[in-house]
Amino acid sequence: MAKVQVLNVAVLDNPSPFGNPFQFEITFECMEDLPEDLEWKIIYVGSAESEEYDQVLDSVLVGPVPAGRHMFVFQADAPNTGLIPESDAVGVTVVLITCTYRGQEFIRIGYYVNNEYTEPELRENPPIKPNYTQLQRNILASNPRVTRFHINWEGCAERMEDCENVDPTSNSMLPPSCLPGKAPPLGILPDNSMDCL
Amino acid sequence: MKLLKPSWVSHNGKPIFSVDIHPDGTKFATGGQGEDSGKVMIWNMAPVLREEDEKNENIPKMLCQMDNHLACVNCVRWSNNGLYLASGGDDKLVMVWKRAAFIGPSTVFGSSSKLANVEQWRCVTILRNHTGDVMDVAWSPHDVWLASCSVDNTIVIWNARKFPEMVMCLRGHTGLVKGLTWDPVGKYIASQADDHSLRVWRTVDWQMEANITKPFSECGGTTHVLRLSWSPDGQYLVSAHAMNNSGPTAQIVERDGWKTNMDFVGHRKAVTVVKFNPKIFKKKQKNGSAPKPGCPYCCCAVGSKDRSLSVWLTSLKRPLVVIHDLFDKSIMDISWTLTGLGMLVCSMDGTVAYLDFSLDELGDPLNEEEKNSIHQNIYGKSLAITSTEAQLSTTIIENPEMLKYQQERQNTAQANFGPSSAGPESSTPKLNSVMNGESLEDIRKNLLKKQVETRTADGRRRITPLCIAQLDTGDFSPALFNSAPILPSGSSMSNQLTSQLSSDSSPGQASSLGLRPSHDPMLTSPPANSAVKGLEDNKDGVKSSLLLTSASKIEPMKALDSRFTERSKATQGVTAVISSISGLTPLDRPKDGLSALIDLMNKDDTSSDSEDKMANINKNLSFSKRKPELLLDGAEVVEKRKKGRPRKDKMAAPSTFTQITPAEREPSRVAAPPAPPAALKLPTPSIKKAFSLQVSMEPSMFLEVENEVSVVAGSKLSQLRCSRDGRDWNTLLPSSVVTAAGSSDVLAVACQDRMLSVFSSCGRRLLPAIQLATPVSALHCSAHFVMALTAGATLSVWDVQKQKALVKNESLLTILSGADTTVSQSLLTQQGVPVIGLSNGKSYCFSSSLETWTLIADKGDSLVQCADFRSCLPTHDAPVSSGPLAVMQGRNLNAGRLASRLSSTPHHLQQSMTLAFLENQLASALTLQSAQEYRYWLLIYARFLVNEGSEYRLRELCKELLGPVHKSAATAWEPTTLGLRKRELLREVLPVIVENLRFQRLFTEYQDQLELLRNK
């Protein structure tokens, strides 16, 4: 069973101009003192077509985490517009908040994000080159999609008995320069996901 | 009978595998399949019971739901005290839940239902041992143990007082174990498995008592569960799926001989669950009719795969009621209310039915008192004795004194339960708010500004989360249920390192993954319309934009959907890199073997001979480790040396008997050389040139004997020197000293010329030399008593103070009857009672008042072997280990207790044996005049009488202790025994009596008389 339960995520500053930083207020509860930090990440999906355009907006360590209920605000800068395909800038995409413990992802919270122009005129005739200053970001805060993964809380991924929980793609030979990852998407099914739609 | 199907009790249509009603009847739990996980839900009972409550929107229906199980939950069971809920599931885990008093209701984040959890139930412990799906869990009577069974063919018994401690793993089944039930008396646990067998296990030694196979030989493993049940009177065990003449039945197994002569017939398909009503009933008295003495009977519900439910009374040949087509699928579980009139049934079809019976239909339920008396008649042991809480609810406490004792007892019990919980009010875990008067809203407003953010050594952001509430873990401390030790941050770093290394060293794996055909996200994503639907649900959101978008615009949505549930490769890669960096940097600091290791890693990440590398690294690691290890060893040596105490310290143990002084051990040592002269039955110590002995510690007293110091006028003189608290005295004796003994009051020396001299501690001669008939074999002093055991096997004891003989040349022939028996031990108690231990394990003392030898201990006694009074041992008093009785009986007592666990003696026999043993102990302690031991055994004896309900003996005991209330000349009652005031003893016994409410009249009676006497 997961030692960390996410109790709530409040989306702050929403809707907001595209260039504003993302702000999530995360409340979680921990069953017992964690010897290591939790790592939280915000990933902006640049294009639905490919993970190639995923941007890790920021990653923070959260700790120390004693047993109890905790809260923090995770703020991350807006995505680098240069990395977003122009055709995907406007419309619906996704922002993901993930949390890993000892290198294993145990929860993934996803929100639909709708980017649209506030000006009716721009909405009618969107420019070919997206005008990010005019774009408004609206996170569908009321409808988070939460997926929980079974991980080994006691040790590291490598020591887990059931290999299906081990991400086979963990590969430290990947040079840091290829951030965000250029790997092809793999159809790995989560062993435990809670689809709430 | 009323029947109701509360439609709101559902797991969103998913199967419900288990249902259990809370002992207090206010709520019930269901377990089953959730969305991609197991689900445990707790429901309010009131809306089931009353229609107006069901309609009242202010009364919550669902109290809590827990999605923590990773796979389907097969069983949920409340503990008998109602504090805990245990659940077992396909994830091989058993979770134990406890209610937490949290800030307020909360929802499961991200769950579709917006229903709040009204109650907070928190998983307090996870029990991991099973290697397969857990099918059933069961709490033992009084919640001593929790049992779980699994498809791994085993049953695990957990210590419910000390989770996650495992008591035993019962192996023997050769198929999936699918049901468990405890004997209501607590002597057995029964299990039923797919291996065509029902097994009964003893709780005494956890061995198999019976293996019943015949009724199950035709059974196929077609049912999901095999929930069997034991009748509340303990006489019958009813199995799930059994076959009789190729028809499905529920087999009745009799406790007496495990006979299988009867069964419940009629279901068309396999029986999945049997559940006895917790109540025993007797026939309802009809108005006007003469009361009939009718036999009490039990009631049993049987559920089957044929979707029907039958309810049987053991007094009727045909079922009381059969309900067909109650469900669309197999019945999975049944639970009765504690009142015995309500029943919940759940089914694979995801629905639950409630049945409400009337007293006219089932009969009059016996109250707890009557049920206990049935148990007592059959088993000689009442269940309610130890469960005061259950009894408290049914028995009226008539005396405020009694109530006080009861409450005190509960308080101490609670205080003992967990050292961390500081009183009765902390029995429920609390979430202590740590916000100092600041509202949560205020905090949230400024959280971003206020929260502490630092940078780690490698420049990463690290946020210290704001703790808004601490979990009071109550009686389960985290360290207790977390088997893995929490590593200090330093050592966890090395963990990370090794993990990193192993992933580094497998380039083969990585490349093979690279070759894997990339899956189209479309394949794994849900259909497009689900995405659309999901978005449409949200009216004010992106609906408008979606309506405008074309079909091609929806396409990416499918792809997006898949992103919610998949762990993407990109993020994982990032994680790995980051963790490797964070894992390595702190290691730069140590300059020895570890830096070399980092060089090694940096140099050739792509090197293929990874094993070689690993070996190198291991070498390095072990090298760097060695030094501190050596240091530790050194420290340990020093420790040990320190521990070696001077001799004086070793002897510092305060002793009440002279028996342990070295000189007195000598006789027994000398006893080893065989063949003493026929006339002399007992060996004598040899004469030594000089010897010394320590007489007592407090005051410190040493005795030194030097034989033949000087020759004066042809006679050899021996010197006796004594030092007491630094002051010396010495005296001369005309003959060589053979042996000496002393106490803080007197010293005795026996000489070669069979003379016994007695001196005071200051060296004054107290008695003229005593001429003995034969040489001395053993000599003891204790207080102002001197005991001499002569080689001619006679015993004498003198009271030096009164200058009187207590025992006069008493022959040991009576007790040295056997050919080979010799005296192996002898001692003199502080009260001047001589005790002789023989080589055949028997110990005698000579009672001067009875003028006879009395047996006080026998190591070969079968009563000792079988007496079981563990439950009566006082909790706070340390066992008396230094009394003469304990010395003579030695460790044998513990062995006896062990033996009683291994032998399977019937309860009534063991009860009698224990009683006899305890009475022996009391009598022995009395003869030995050992007051402390007498008091100790008296309290155990009283507790045993109370537990076993022996009223006559208890009453006689109290009467003896109280004595006559009105004094008259004729009464021969002594107010004290062994210097203990009997009425004080009674005052100690009374709180013991309180423990069984049955005796509250007795308690009141004697309490009042004691008060009366005190006021006189």
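Predicted model: local features only at pLDDT ≥ 70, side-chain atom pairs only at ≥ 80, totals over all residues.
Let's start at Lys178(B), which counts as buried at 6% relative accessibility. Lys178(B) sits in strand 14 of chain B (residues 177-182), while Asp194(B) belongs to the loop between strand 15 (188-193) and strand 16 (197-202), so the bridge links distant parts of the chain, 16 residues apart. With a relative accessible area of 19%, Asp194(B) is buried too, because the cut-off for buried is under 20%.

From here, follow chain B to another pair. Asp333(B) and Arg77(B) meet through their side chains in a salt bridge of 2.9 Å, N to O. Asp333(B) comes from strand 26 (residues 331-336) and Arg77(B) from strand 6 (residues 73-78), so this contact ties together parts of chain B that are 256 residues apart in sequence. Both ends are buried: Asp333(B) has 0% relative accessibility, and Arg77(B) has 10%.

Finally, let's cross between chains. Arg462(B) forms a salt bridge with Asp37(A), with 2.4 Å between the closest N and O atoms. Arg462(B) lies in strand 32 of chain B (residues 461-464) and Asp37(A) in the loop between strand 3 (22-30) and strand 4 (38-45) of chain A, so this pair joins two chains. Arg462(B) is partly exposed, at 22% relative accessible area.

Definitions and conventions
Residues numbered from 1 in each chain as written. Chains lettered and ligands numbered in written order. Heavy atoms only, no water. Salt bridge = Lys/Arg side-chain N within 4 Å of Asp/Glu carboxyl O. Helix = DSSP H or I, 4+ residues; strand = E, 2+ residues; numbered from the N terminus. Buried < 20%, exposed > 50% of the residue type's maximum accessible area, 1.4 Å probe, protein only.
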